[in-house]
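Trainee: I would like to learn how to read a model like this one. Where do we begin?

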Amino acid sequence: MLPAVELERSLLRRLRDRDERAFRELIEAHRDRVFNITFRMLGNRAEAEDVAQEVFITVFKSIDSFREESKFSTWLYRVTVNHCKNRIKYLARRHDRDRDELDDTTTNGVNGTIGAPPPAAPDHALAGAQMEKLLQEAIANLEEEHRVVVVLRDVEDLSIEEICEITDLPDGTVKSRLHRARLALRKKLQRHV
Amino acid sequence: MSDDTTEEDEIVAKLSDYLDGALKGAERDDVAAKIEGDDVWKRAHAELVETRKALSGLRKAHAPPSFAQDVTSTIHTRSAGRFFGRRTFGDRVPFGALVAIAVLGLVVIAYFMWASQTGSLEGHRERAPRSSGSAESVVPKP
């Protein structure tokens, strides 16, 4: 069996040859992670789906510009974060504050849009759904630059080094944004956690 | 900004680094001791731990099952079906390289045309006088 690095190189070669099957394999491998980032960053399922699609289309179109100086996933997440930032700015310009879908996706987790929650007592399930809604609202209210780091670090569990590479920011800036984001979240959730 | 807020910021910054494993040696021990012995630090630490736990415990959102199909369909539509499939020679070789090869080819052709005895670029060279067919030889001497 080929090691992961070799598999990735082989996939990249096929992607550069515009092999449709390779594109599908790439999507299958990364779609949920990319979608989770876009969903947590944007807080809206339809927007998240649209942006996630654009991410993969951008990756396909610009695969030749990927020089393999970083991990492919790092490059992919950079494209994802950039698309999210652009969409956040676009939505802010349109004063789109409609987050109604958030309620649907957080409370209707069993409809296949979000991974099915583990069996829980009704009270606990409700409390969990409420907490998730609270958290998502709290994330959505963070400044965009704070939202990026907190989603990558605390939701996606990426290392500070990876976040520095993805955001192209120095270590100190990432940490300070993370402190501020956590401070803001802590204040918003203080009465609930 | 009030002193309380500044102090709170500093506590959260330290705790944040502490939880990320970014503190070493004496600094880490100092924060650990404060969490142990100072109620403000203890409470802030507990709240941060809970906040991080809640964030990492958020359910993972999954893309719809038709996602891959949707993306490839979009690419097909936008590129009018030209995107996928093996690329043409022009796509594989950079344009600059193609231009360089073309210029080199033209230079070689031009050289051969110039060097050839009958080449069309030979015009500027001095031609040898013809031995026959000149006006002098045709006109009879008186």
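**Reading the fold and its contacts**

Mentor: Begin with the elements. Chain A has nine helices and zero strands. Keep in mind that this is a predicted model.

Trainee: What pattern does chain A follow along the sequence?

Mentor: Read that way, the pattern is α-α-α-α-α-α-α-α-α.

Trainee: How much of chain A counts as buried?

Mentor: Chain A has 193 residues, and 37% of them count as buried. Then look at sequence separation. Take the contacts in chain A between residues at least 6 apart in sequence: 63% of these join residues at least 24 apart.

Trainee: Now helix packing. What describes two packed helices?

Mentor: Two things: the angle between their axes and the distance between the axes. Here is a case. Helix 4 (residues 72-93) and helix 8 (residues 160-167) of chain A have axes that come within 8 Å and cross at roughly 60°. That angle makes helix 4 of chain A oblique to helix 8 of chain A.

Trainee: Is the crossing of helix 4 and helix 8 of chain A left-handed or right-handed?

Mentor: Right-handed.

Trainee: Which residues make the contact?

Mentor: Helix 4 of chain A brings A:Thr74, A:Tyr77, A:Arg78 and A:Val81. Helix 8 of chain A brings A:Glu162, A:Glu165, A:Ile166 and A:Thr167. By class, this contact has three nonpolar, two polar and three charged residues.

Trainee: Let us stay on helix 4 of chain A and take A:Tyr90, which lies there. Is A:Tyr90 buried or exposed?

Mentor: Count C-beta neighbours. A:Tyr90 has 11 inside 10 Å, so A:Tyr90 counts as exposed.

Trainee: How far apart are A:Tyr90 and A:Ala4 in space?

Mentor: They are 37 Å apart, C-alpha to C-alpha. In sequence, 86 residues separate A:Tyr90 from A:Ala4.

Trainee: Next, the interface. How many residues does each chain give to the contact of chain A with chain B?

Mentor: Chain A gives 39 residues and chain B gives 34. Then ask which elements take part. On the side of chain A that touches chain B, those giving two or more residues are helix 2 (20-42), helix 3 (45-61), helix 6 (122-140), helix 7 (144-155) and helix 9 (171-189) of chain A.

Trainee: Which helix of chain A gives the most to that side?

Mentor: Helix 2 of chain A, with ten residues.

Trainee: And what is the make-up by class of the side of chain A that touches chain B?

Mentor: That side has 19 nonpolar, six polar and 14 charged residues.

Terms used. Residues are numbered from 1 along each chain as its sequence is written. Chains are lettered from A and ligands numbered from 1 in the order in which they are written. This is a predicted model: local features need pLDDT of at least 70, side-chain atom pairs count only at pLDDT 80 or more; totals for chains, interfaces and linings use all residues. Axes are lines fitted to C-alpha atoms, for helices over the stretch in contact, and angles run from 0 to 180 degrees between N-to-C directions. Helices (H or I, at least four residues) and strands (E, at least two) are DSSP runs, numbered from the N terminus. Angles under 35 degrees count as roughly parallel, over 145 as roughly antiparallel, 65 to 115 as roughly perpendicular and the rest as oblique. A crossing is left-handed if the near helix is turned anticlockwise from the far one by less than a right angle, and right-handed if clockwise. Two residues are in contact if their C-beta atoms, placed from the backbone, lie within 7 Å. Ala, Val, Leu, Ile, Met, Phe, Trp, Tyr, Cys and Pro count as nonpolar, Asp, Glu, Lys and Arg as charged, and the others, Gly among them, as polar. A residue is buried if 20 or more other C-beta atoms lie within 10 Å of its own, exposed if 12 or fewer, and partly exposed in between; C-beta atoms are placed from the backbone.
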